[in-house]
Amino acid sequence: TVFLLSAVLSSLIRQPCEQGRKLRRIHWVANVGRALKFLEGRRIKLVNINTTDVVDGRPSIVLGLIWTIILYFQIEELTSHLPALQPQSSSNSSVESSNSTETSSSPVKRKPRLSFQGGAKRALLKWVQTTATKRLGLDVKDFGPSWRTGVAFHAVIFALRPHLVNMEHVWRRSNRDNLEEAFSLAERELGIPRILDPEDVDVDKPDEKSIMTYVAQFLKHHPDRQETEIGRQQEEREQRKTLRELKAWADQLERDCAQAQRDGGSFGVKYQTFKRCRVQFEVQRRQVETCVQSTQKDGKLTADQALLKQAWERLSLLDWHLQLDSGLPYPLGEVGMYLHQAEKILREELVPQQAHDETAKAIHKKRLHDQVKQNEHKQTLQLIHRDRCVNNVPIPMEQLQDMAERLNYISTSSHIHLSKLEYWETKYGMLAFLTLAESKLKSWIIKYGRLESMELLLQSYGSFVEGQQFFEKYETSHQALIQAAELYIKADSSAEGGVKLLLREVSDQWRSLSVEVRSVRSMLEEVQCNWLRYNSCVALLQAWLEDAQGALRQPENTKREFFRNLPHWMDQHAAMNDAGNFLIETCDETVTRDVKHQLLLLNGRWRELFLKVKQYSRLPETHTVRTHQDVSTDIQEFLDTSITKLTSPLQVSLLDVKAFMQDVEVKRFQHSLYILSNLFLCM
């Protein structure tokens with residue numbers, strides 16, 4: 001690092017440095033010291049950088065020093081030659097450089113350098129904005145995230161070499177594709193080294209210093225401002241001239257085509273005229289399509305571009321061609337119609353306008369129809385091509401040959417086409433299945449009604465999920481989709497990206513959908529269970545409250561006996577409120593209002609009654625009240641029984657001993673449990 005740094009600076013300041021194979025630390029220090037002294041002599045601010053830090057190889061210090069050198073001797077050097085960016089008065093540069101005076105450390109007289117308000121970074125950013133991005137509607141604010149899409153790099157190349165970049169394609173491409181194309185183009189056409197990779201820039205926070213260093217290389221190709229302005233004006237004049245010439249040509253060809261269609265003649269004469277016009281059309285196609293492409297981000301065209309585009313769209317020869325092919329005698333006219341329909345299908349992507357299931361059915365019918373029609377038309381063409389006439393009407397050989405070639409092309413492309421149709425059929429079938437499942441799920445995740453409606457919902461769930469084998473059907477459809485996707489990718493590798501993206505989206509959608517479908521059943525059952533509990537508790541509690549009102553008018557002993565099981569009805573009352581509150585949270589507004597009203601009435605009656613009888617909830621059961629004397633008697637009986645058992649003679653055998661021990665253990669456990677329970681009741 002020290003040697004390279006010294007060598008670089010020596011080439012700049014033209015001073016010798018210590019060289020050789022056996023350099024020691026003292027030589028390293030001398031070389032680095034000479035380099036730092038040179039930088040300080042240029043008034044370059046070196047913060048916390050000293051000789052020993054560099055010699056010791058501290059990464060942060062060395063990298064900071066290298067960036068300072070790049071910024072001063074490359075970026076600022078290049079930006080200093082931009083006349084439009086020179087200020088009226090001098091100020092310090094971005095690296096605190098001032099060149100009005102030279103120190104004794106510089107051995108040669110250096111030409112005066114221009115300083116910039118805001119520094120080299122600001123000057124470089126302003127150059128990018130004024131030269132490249134603003135004219136295309138781009139908002140580049142920094143040397144970080146603004147460059148992530150790669151569009152800004154293409155804008156700079158476009159400003160320097162317009163013929164190298166198609167900005168309309170740039171707007172539509174992904175970040176990585178744009179970055180890869182820009183770096184390759186700059187290296188190949190402009191000789192700018194590829195010091196960046198797409199993955200370095202396509203991140204949330206790209207490294208600003210790396211992007212600045214790279215973008216500064218484009219300044220070498222920046223022409224003089226006056227020459228640029230003259231060249232731009234001349235280019236605009238030539239572009240307007242070209243656009244107007246192309247529009248005049250398109251208008252003339254449109255008139256010629258219209259006249260040819262009105263003229264009579266045989267099939268051969270008409271087809272020859274069409275072929276001549278079509279040759280002219282195809283020769284100019286590429287130039288016209290290039291000229292009508294917008295370079296603006298908003299896609300707006302200039303007035304001349306818009307006029308040419310309108311003239312070009314009116315010039316479409318497809319209708320004329322269809323008229324010539326379908327106007328041939330039967331059955332050749334049907335073959336011509338089929339060719340145009342098949343070519344249109346191969347040329348255009350399917351844009352479904354109806355529900356997914358209807359689209360899948362239509363594709364299925366079309367796939368079978370196309371296979372049958374293609375074989376029929378091939379046989380028809382072979383027969384007519386041999387006879388060269390239909391019903392004694394001669395057919396132009398050139399037109400027959402063209403139709404045969406087009407049918408052969410469709411046949412060779414049919415493998416890809418049929419693979420695409422099969423993939424589309426399974427794709428839209430799967431989308432229809434998922435759409436139906438989501439609609440069903442929405443009908444189950446609602447504010448619920450009364451018990452009868454809950455039972456209907458559970459029946460609907462069971463019929464759809466279990467009766468129609470919902471989960472099994474998905475697995476079957478998913479496997480069919482994967483197989484169709486693999487065949488389609490094998491036939492057309494360019495479709496791989498879109499197909500794999502769809503498979504991922506389907507899997508993600510199913511993952512969340514299947515979890516919700518499984519969990520909704522437990523929710524439905526829980527609502528049903530709470531309805532059953534609530535209705536049962538309400539009915540029982542209402543009846544008991546009626547009986548309790550009558551019991552209040554009875555003698556004390558009768559009241560005590562009636563309200564002896566009051567804790568049980570307290571549990572029933574709590575269960576009713578729990579179930580009712582759950583229903584209030586999950587049911588619709590009407591049901592919620594009715595449940596709230598019913599709970600309000602029942603809770604009022606309960607509260608009024610409970611205040612009168614709450615003392616009975618604390619009375620112990622009479623049959624459970626036992627005295628300490630009773631418990632003592634039981635313990636004595638247990639001890640007597642145990643002593644008798646232990647002192648009785650016992651036949652000495654393994655089975656008798658084992659049975660005796662088990663009997664003792666059981667009796668001990670039973671008596672212990674009995675005594676403890678009685679002690680607890682006496683406490």
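His 478 touches Met 430, Val 506 and Ser 507 when residues up to four places away in sequence are not counted, contact meaning heavy atoms within 4.5 Å. The structure is a predicted model, in which local features need pLDDT of at least 70 and side-chain atom pairs count only at pLDDT 80 or more, whereas totals for chains, interfaces and linings use all residues. Residues are numbered from 1 along each chain as its sequence is written, and side-chain values use heavy atoms, with hydrogens and water left out. His 478 is found in helix 19 (residues 470–491), helices being DSSP runs of H or I with at least four residues, numbered from the N terminus. His 478 counts as buried because its relative accessibility is 13%, the term buried meaning under 20% relative accessible area with a 1.4 Å probe and protein chains only.

The largest nonpolar core has 64 residues, of which Tyr 423, Phe 470, Trp 531, Tyr 534 and Trp 544 touch the most other members; such a core is a set of buried Ala, Val, Leu, Ile, Met, Phe, Trp, Tyr and Cys residues joined through side-chain atoms within 4.5 Å. Two or more residues of this core come from each of helix 17, helix 18 (451–467), helix 19, helix 20 (496–551), helix 22 (566–586) and helix 23 (589–613), and helix 20 gives the most, with 19 residues. Leaving aside neighbours within four places in sequence, Trp 531 is in contact with residues including Leu 451, Met 454, Leu 583 and Val 595. A second, separate core of 38 residues includes Leu 160, Ala 182, Ile 192 and Leu 219.

Definitions and conventions:
Buried < 20%, exposed > 50% of the residue type's maximum accessible area, 1.4 Å probe, protein only.
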